[in-house]
Amino acid sequence: MTPLTLGAVLRRAALAGLFAGVAAALAALLVVEPRIDDALAIEAARSTSDEEPLFSRATQVFGGMVAAAAVAVCLALVVGVVFARVRHRLPGTTDFGRAALLAFLAFTTVALLPALKYPANPPGVGDPDTVTERTVQYFTLIAAAIAVTWLAFLVHDRLAARPWPPAYRAAAGVAVGAVGYTALLMTWPSTPDGVPADIPAALLWDFRLASVAELAALWTVFGLSFGLLLTPRRVRATTAA
């Protein structure tokens with residue numbers, strides 16, 4: 001395994017995070033913002049106030065894109081630290097495969113599972129009085145999902161000490177993760193908010209799918225670009241003895 005310093009890993013992770021942030025911002029602009037516009041139109045028709053918003057819609061869109069890029073870089077640095085710490089324990093024969101696996105696990109734990117349990121809602125959905133409760137539920141679910149993922153890796157590592165084929169160890173780890181994730185989705189408390197009657201089901205569904213697509217774009221681009229940046233561009237020539 002080629003040695004890598006923490007600084008080298010973090011530089012590559014930050015650059016990959018920038019690429020992922022651009023991809024997420026474009027996905028937000030193309031697929032999420034149109035759904036937000038539809039929801040804002042419904043919210044405006046519901047409101048009786050003539051008060052102008054503090055920021056214009058264009059400013060909100062631009063700020064959202066910048067925020068998506070900034071969040072992606074921050075997440076990438078966190079994943080970079082984790083990769084440097086557990087690189088030698090990740091399954092795979094190349095850093096590209098290890099980085100792709102870690103990005104997939106990150107997408108599953110911090111994006112997909114929360115989206116399944118607490119799907120994103122467009123503007124006009126959600127009670128402001130339950131923000132704290134919903135935030136605690138969301139982040140504790142992520143913490144629990146990370147713990148389940150770590151447990152699956154511990155099972156995989158423990159089985160490595162026994163004469164089990166790699167495929168069986170991988171299957172055992174996947175089974176532990178699948179059972180743990182399912183248990184979290186079934187036992188974690190549901191969201192306390194309902195959906196107003198004036199929000200069309202199609203708009204709600206489209207917004208939630210668009211939100212997952214944005215996150216999928218972020219983690220896919222990060223995993224691929226991080227893996228490529230970790231892969232040497234030149235292969236040493238070998239000569240036959």
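Q: Is Phe226 buried or exposed, and what is its relative accessible area?

A: Burial is read from relative accessible area: buried is under 20%, exposed over 50%, partly exposed in between, with a 1.4 Å probe and protein chains only. Phe226 has a relative accessible area of 1%, so it is buried. Before going on, note that this is a predicted model, where local features need pLDDT of at least 70 and side-chain atom pairs count only at pLDDT 80 or more, while totals for chains, interfaces and linings use all residues. Residues are numbered from 1 along each chain as its sequence is written, and side-chain values use heavy atoms, leaving out hydrogens and water.

Q: Thanks! How much of the protein chain is buried, and what are its elements?

A: Buried residues account for 34% of the 241 residues in the protein chain. For the elements, DSSP runs are used, numbered from the N terminus: helices are H or I runs of at least four residues, and strands are E runs of at least two. The protein chain has 6 helices and 0 strands, in the order α-α-α-α-α-α from the N terminus on. Its C-alpha trace spans about 80 × 40 × 25 Å along the principal axes.

Q: What share of the contacts joins residues at least 24 apart?

A: A contact means heavy atoms within 4.5 Å. In the protein chain, 85% of the contacts between residues at least 6 apart in sequence join residues at least 24 apart.

Q: How many residues does the largest nonpolar core have?

A: A nonpolar core is a set of buried Ala, Val, Leu, Ile, Met, Phe, Trp, Tyr and Cys residues joined through side-chain atoms within 4.5 Å. Here the largest has 24 residues, and Phe83, Leu90, Leu218, Trp219, Phe222 and Phe226 have the most contacts inside it. At least two residues come from each of helix 1 (6-46), helix 2 (57-86), helix 3 (95-117) and helix 6. Helix 3 gives the largest share, 7 residues. There is also a second, separate core of 8 residues, with Leu113, Tyr118, Tyr181 and Leu184 among them.

Q: How many aromatic pairs are there?

A: Rings of Phe, Tyr and Trp (its six-membered ring) pair if their centres lie within 6.5 Å; planes under 30 degrees apart are stacked, over 60 edge-to-face, the rest tilted. That rule gives 4 aromatic pairs. Phe83 and Phe226 form an edge-to-face pair, 5.3 Å centre to centre with 70° between the planes. This pair links distant parts of the chain, since Phe83 sits in helix 2 and Phe226 in helix 6, 143 residues apart. Phe83, at 0% relative accessibility, is buried. Ring pairs also join Phe83, Trp219, Phe222 and Phe226 into a cluster.

Q: What surrounds Phe222, and what does the side chain of Ser225 reach?

A: Beyond its neighbours within four places in sequence, Phe222 contacts Ala13, Ala16, Gly17, Ala20, Ala76, Val79, Ala103 and Gly227. For Ser225, think of polar contacts: N or O pairs within 3.5 Å, where within protein one atom must be able to donate a hydrogen and the other to accept it, and residues adjacent in sequence count only if both are side-chain atoms. A polar atom of the Ser225 side chain lies 3.3 Å from the backbone oxygen of Phe222. Ser225 is in helix 6 and is buried, with a relative accessible area of 10%. Setting aside neighbours within four places in sequence, Ser225 touches Ala16 and Phe19.

Q: Where does Trp188 lie?

A: Trp188 is in the loop between helix 5 (166-187) and helix 6 (201-230). Not counting residues up to four places away in sequence, Trp188 touches Lys117, Tyr118, Gln137, Thr140, Leu141 and Ala144. The side chain of Trp188 makes a polar contact with the side chain of Thr140 at 3.3 Å, and reaches the backbone oxygen of Gln137 at 3.4 Å. The C-alpha atoms of Trp188 and Ala144 are separated by 9.9 Å, although the two are 44 residues apart along the chain.

Q: Which elements cover the buried residues of helix 4?

A: The cover includes helix 3 and helix 5. Among the buried residues of helix 4 are Gln137, Leu141, Ala144, Val148, Phe153 and Leu159.
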